[in-house]
Amino acid sequence: MAPSGPAGAQPSPAEPLSRSIFRKFLLMLCSLLTSLYVFYCLAERCQPGSGPVAGVPGRGVPAGPRELAAWPAGAQRKRLLQLRQRRRRGRPGPGYNSDQDEQNPGLAASPGGSGAGSSVAEAQSGTLALLLDEGSKQLPQAIIIGVKKGGTRALLEFLRVHPDVRAVGAEPHFFDRSYHKGLDWYRDLMPRTLEGQITMEKTPSYFVTREAPARISAMSKDTKLIVVVRDPVTRAISDYTQTLSKRPDIPSFESLTFRNRSAGLIDTSWSAIQIGLYAKHLEPWLRHFPLGQMLFVSGERLVSDPAGELRRVQDFLGLKRIITDKHFYFNQTKGFPCLKKAEGSGKPHCLGKTKGRAHPVIAQEVLRQLRDFYRPFNRKFYQMTGRDFGWDE
């Protein structure tokens with residue numbers, strides 16, 4: 001017979017069941033916390049207390065400059081591109097007006113992607129800033145020297161898609177307006193670059209500045225020069241359209257074009273006309289640089305076949321052909337190609353509202369007289385460059 005009282009009491013069936021459920025709950029909770037911890041580490045946001053291996057790709061600890069140097073080349077490039085995208089600040093925003101570059105001798109405070117106003121000091125503190133400071137500021141190895149309203153802004157925006165191109169966003173105007181400030185000042189405007197990257201800038205007014213060829217040659221005789229040219233008649237109308245948007249009270253295009261309308265005498269002192277005399281402006285450049293060190297880009301083909309022109313530019317700069325057809329789409333509204341993905345962004349990017357303005361209607365007789373005027377200069381330019389741009393067809 002079983003003893004009575006507390007000493008002989010039998011455990012209730014519910015008691016072991018509740019303990020079992022509690023143990024299962026603890027196991028599930030521990031499993032959930034472990035899973036969260038693993039995902040946290042995979043997201044590179046934790047530093048395990050067991051002493052992580054610093055600088056190893058994918059191990060959770062951001063690599064510093066010394067550790068990064070030990071990574072495989074492919075891993076280095078991938079990591080640096082990720083960091084560049086995170087810190088991209090200089091790209092012109094929606095309100096950026098690139099026309100200001102051609103008028104304003106100063107520099108924008110935060111030019112695009114790798115602009116003159118950007119600074120590595122603006123990057124995130126800690127390891128990221130240390131890593132980005134590993135690069136150095138160099139004088140440009142390539143410069144887009146012209147021409148105004150030829151398509152220089154579009155070319156620069158397209159080139160910045162390339163991971164080996166670092167460019168000042170705003171126009172420095174060093175060799176025409178700020179030469180007295182010295183090369184150290186000029187170098188300090190440049191973005192930091194890593195080994196294998198090219199530093200670039202663009203200032204279209206250099207092409208028509210008489211002192212610019214000698215000054216650039218004095219900086220480096222090896223500088224590569226890019227000139228974006230466009231039908232001088234169309235370019236002159238575009239130039240006038242830009243001025244008209246800022247000064248609506250200026251005289252008509254026709255009245256500014258002719259010194260003597262009845263005699264059909266063109267006024268070559270007007271800058272809109274004078275810039276289009278490409279052969280005349282090219283002569284002093286060829287006294288300081290060999291023709292093979294200059295590339296002439298068609299502004300028309302930059303619109304109709306951007307990938308084709310970018311292929312020539314990449315070859316000229318010694319870059320791998322990374323920018324291809326897949327990077328562009330044609331915007332029917334603006335009448336220009338746009339980037340499917342801009343530098344440092346996953347969003348499409350088109351040039352600002354100031355690009356693609358509607359041109360005023362010009363009398364056909366005025367256009368004919370201008371084409372007759374430019375024809376001999378165009379043909380000489382074709383001979384000098386070895387390329388027929390087809391403006392006289």
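Trainee: Which residue of β6 is the bridge partner of Ile144?

Mentor: In this predicted model, Ile144 has Ile226 of β6 as its bridge partner, and β2 and β6 (residues 224-229) run parallel, joined by 4 bridges.

Trainee: What makes β2 and β6 a pair?

Mentor: Pairing requires at least two bridges found by DSSP, and β2 is joined to β6 by 4 bridges, so the two strands pair under that definition.

Trainee: How many bridges link β2 to β5?

Mentor: Between β2 and strand β5 (residues 198-202) there are 3 bridges, again in the parallel sense, and Met200 is the partner in β5 of Ala142.

Trainee: Why is β2 described as largely enclosed by the rest of the structure?

Mentor: The description is used because 5 of the 5 residues of β2 are buried.

Trainee: Where does Lys149 lie, and why is Lys149 called buried?

Mentor: Lys149 lies in the loop between β2 (142-146) and α6 (152-159); its relative accessibility is 10%, and buried means under 20%, so Lys149 counts as buried.

Trainee: How do you know that Arg153 is buried?

Mentor: Arg153, which has its place in helix α6, shows a relative accessible area of 5%, and because the cut-off for buried is under 20%, Arg153 belongs in that class.

Notes: Residues numbered from 1 in each chain as written. Predicted model: local features only at pLDDT ≥ 70, side-chain atom pairs only at ≥ 80, totals over all residues. Heavy atoms only, no water. Buried < 20%, exposed > 50% of the residue type's maximum accessible area, 1.4 Å probe, protein only.
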